[in-house]
Amino acid sequence: MNDNLKHLVLEMSVGMFAYVLILGILALIFQNGLAAIGFPLGPVLLGLLLGFVADALMLIHMAYVTERAVDSQDEGYANKTTVVQSAIRRVVFIIALFILGSRPQIDAVAMIIGALGLKAGALLQPSVHRIFLQRKEQMLEEDTIKERRMVYGNDENSDGSSRA
C-alpha cells in the first residue's frame, strides 16, 4: 500500500475505534438495562471488539483490492475484481459471525453493530484527517524553529520572521 492509502486506513481506523469506544461506554452506562433484556455486558463488549477487528480487516482488504484495481488500469478487470472481492468479504464476515456468534461469550448482535463502525469511520475520516494534519503542521513548525535556533543561535528575535 502506498503512504496515502496507509494514512487513509489509519484515519478511518481511528474513527471506527471512536465509534466502538462510544458504544462500549454506553454499554457500561446501561449495563443493567442490557442485562434486563438478556444482553450481559461481557459478551456485548467482546462482540463490539470483534466487530471492530472485523471492520479493520475488511478495511485493509478493501485498500489492497482498490490499489490492485487501480494499478491494473483495466476497467473491466477492476470492476470484476472489486465485485468478487466484496462478495468474498461479505461471505467471510457472515461465516465468522456464525462461528463466533454461536459462542455464549460473544454477542452476535453486538458484533454486527460493531461492524457498522466502518460507516462511522468513513464519516469521521475528514475530521480525523484535519486533526492529524494540524499536528503534523505544528510539528513541522516546531522543527523549523529548532533548526533556525541551531543555525542562527538561540535568539528569540530570529523566530519573528516566520510568525509575521
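**Pocket**

I began with the lining of the largest pocket, where α4 supplies the largest share, 5 residues. This is a predicted model: local features need pLDDT of at least 70, side-chain atom pairs count only at pLDDT 80 or more, and totals for chains, interfaces and linings use all residues. Residues are numbered from 1 along each chain as its sequence is written, and side-chain values use heavy atoms, with hydrogens and water left out.

I noted the terms. Helices are DSSP runs (H or I, at least four residues), numbered from the N terminus. A pocket is an open set of points on a 1 Å grid over the protein atoms alone, where a 1.4 Å probe fits, with protein on both sides within 12 Å along at least five of seven lines; lining residues have an atom within 4 Å of a point. Volume is the space filled by probe spheres set on the points, which are joined across faces, edges and corners.

The largest pocket has a volume of about 340 Å³. Its lining has 13 residues, and M58, R90, A115, L118 and K119 lie nearest the centre. I find at least two lining residues from each of α3, α4 (75-101), α5 (108-115) and α6 (117-152). By class the lining has 8 nonpolar, 1 polar and 4 charged residues. Nonpolar here means Ala, Val, Leu, Ile, Met, Phe, Trp, Tyr, Cys and Pro; charged means Asp, Glu, Lys and Arg; the others, Gly among them, are polar.

**α1 with α3**

Next I looked up α1 (residues 3-29) and α3 (residues 41-72). They pack at about 165°, axes 10 Å apart. Axes are lines fitted to C-alpha atoms over the stretch in contact, and angles run from 0 to 180 degrees between N-to-C directions. The pair is therefore roughly antiparallel (over 145 degrees; under 35 is roughly parallel, 65 to 115 roughly perpendicular, the rest oblique). The crossing of α1 and α3 is right-handed, meaning the near helix is turned clockwise from the far one by less than a right angle.

**α3 with α4**

α3 and α4 pack at about 165°, with axes 10 Å apart. That makes α3 roughly antiparallel to α4. Their crossing is right-handed. The contact includes M58 and H61 of α3 and R89 and F93 of α4. I count 10 nonpolar, 5 polar and 2 charged residues there.

**α4 with α5**

The axes of α4 and α5 come within 9 Å and cross at roughly 145°. F93 and L100 of α4 and M111 and A115 of α5 are among the contact residues.

Notes:
Contact = heavy atoms within 4.5 Å.
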